[in-house]
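Biologist: I have just opened this one and could use a guide. Can we go through it together, a piece at a time?
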Amino acid sequence: MFDSHCHLTDDRFADDLPAVLDRAWDAGLAGIVTIASDADDADVAWQLACSDPRIRSTAGVHPHKAQDATEADLARITRMLARPEVVAVGETGLDYYYDNSPRDTQRTLFEWHLRAAADAGKPIVVHSRSADEDTAAMIREAGGVTGVLHCFSGNEALMDTALDAGWFISFAGMVSFRNFAGADLLRAVPDDRLLLETDSPYLAPVPFRGRRNEPAFVAATCAAAAALRGVAAEAMGQLSVRNARRFYGLDTGRSGGP
């Protein structure tokens, strides 16, 4: 299995990260991508990626932090994107649910990340919540950029826009929840566009709800997604590895990853 999106630099992993990683490898993970939330976080994530070839990182500014991003931060992120261990731009996107940053600022920064991804020749990791129409419009306008809608909770129109643009769709622990409403969309994603993630330490899947999430728990997400798609969990896990390696360029030798 492959955890295509987690946050290993989160403070909740500060006391036991080596043990968390040991459990991940013991659970059968072939690789992990730890996702950055701002420029400082991207630097720490990169250092972690340098410590283990099974881990790779990203560089970008989360929409929650969009209003705090400076020109110096964006310059740092641009430089980081040249590093082989940094395999994608982001996490970026739009969050109109929390609105922690003004919406126009979020859109401006999302546009910057899309240009940065095109310039760097690397994919983009996108967060979209309660912003389906604007996210879809920006995907259509971007052109030539490969991306993923992570922890997907959007509508069919957004998913179709992303798939038409050649993007991937990633699902997290919500697929295991009793009230998960996106089963039909999960089943509609083509085999070669599907990614799995934990988004840890958030969104722990059943049977770990209420606990800190961690990469090893992607096994529960994998089993739940497999059941909804009517395939074996092992086949789903192998699919997650193939697709993550292809999406992040890990099979090309470009990143030096797993």
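Biologist: Let me start with a cysteine: is Cys-151 buried or exposed?

Modeller: Cys-151 is buried, with a relative accessible area of 11%, where buried means under 20%, exposed over 50% and partly exposed in between, using a 1.4 Å probe and protein chains only. Please keep in mind that this is a predicted model, in which local features need pLDDT of at least 70, side-chain atom pairs count only at pLDDT 80 or more, and totals for chains, interfaces and linings use all residues. Residues are numbered from 1 along each chain as its sequence is written, and side-chain values use heavy atoms, with hydrogens and water left out.

Biologist: And how many disulfides turn up in the whole structure?

Modeller: The search finds zero disulfides, a disulfide being a pair of cysteine sulfur atoms within 2.5 Å. Cys-50 is in none, and its nearest cysteine sulfur, that of Cys-6, is 16 Å away.

Biologist: Switching topic, which residues have the most contacts inside the largest nonpolar core?

Modeller: They are Ile-124, Leu-149, Ile-169 and Phe-171, in a core of 64 residues; such a core is a set of buried Ala, Val, Leu, Ile, Met, Phe, Trp, Tyr and Cys residues joined through side-chain atoms within 4.5 Å. Helix α4, residues 103-120, gives the most to this core, with six residues, and helices here are DSSP runs of H or I with at least four residues, numbered from the N terminus.

Biologist: What is Ile-169 in contact with, leaving aside its neighbours within four places in sequence?

Modeller: With that exclusion, its contacts include Val-148, Leu-149, Phe-152, Met-159 and Leu-194, where contact means heavy atoms within 4.5 Å.

Biologist: Which residues line the largest cavity?

Modeller: The lining consists of Val-126, Ser-128, Leu-149, His-150, Phe-152, Ser-153, Gly-154 and Leu-158. A cavity is a set of points on a 1 Å grid over the protein atoms alone where a 1.4 Å probe fits but cannot get out, and lining residues have an atom within 4 Å of a point.

Biologist: What volume does it have?

Modeller: The largest cavity has a volume of about 40 Å³, counted as the space filled by probe spheres set on the grid points, which are joined across faces, edges and corners.

Methods
On a 1 Å grid over the protein atoms alone, a cavity is a set of points where a 1.4 Å probe fits but cannot get out, and a pocket is an open set with protein on both sides within 12 Å along at least five of seven lines; lining residues have an atom within 4 Å of a point. Helices (H or I, at least four residues) and strands (E, at least two) are DSSP runs, numbered from the N terminus.
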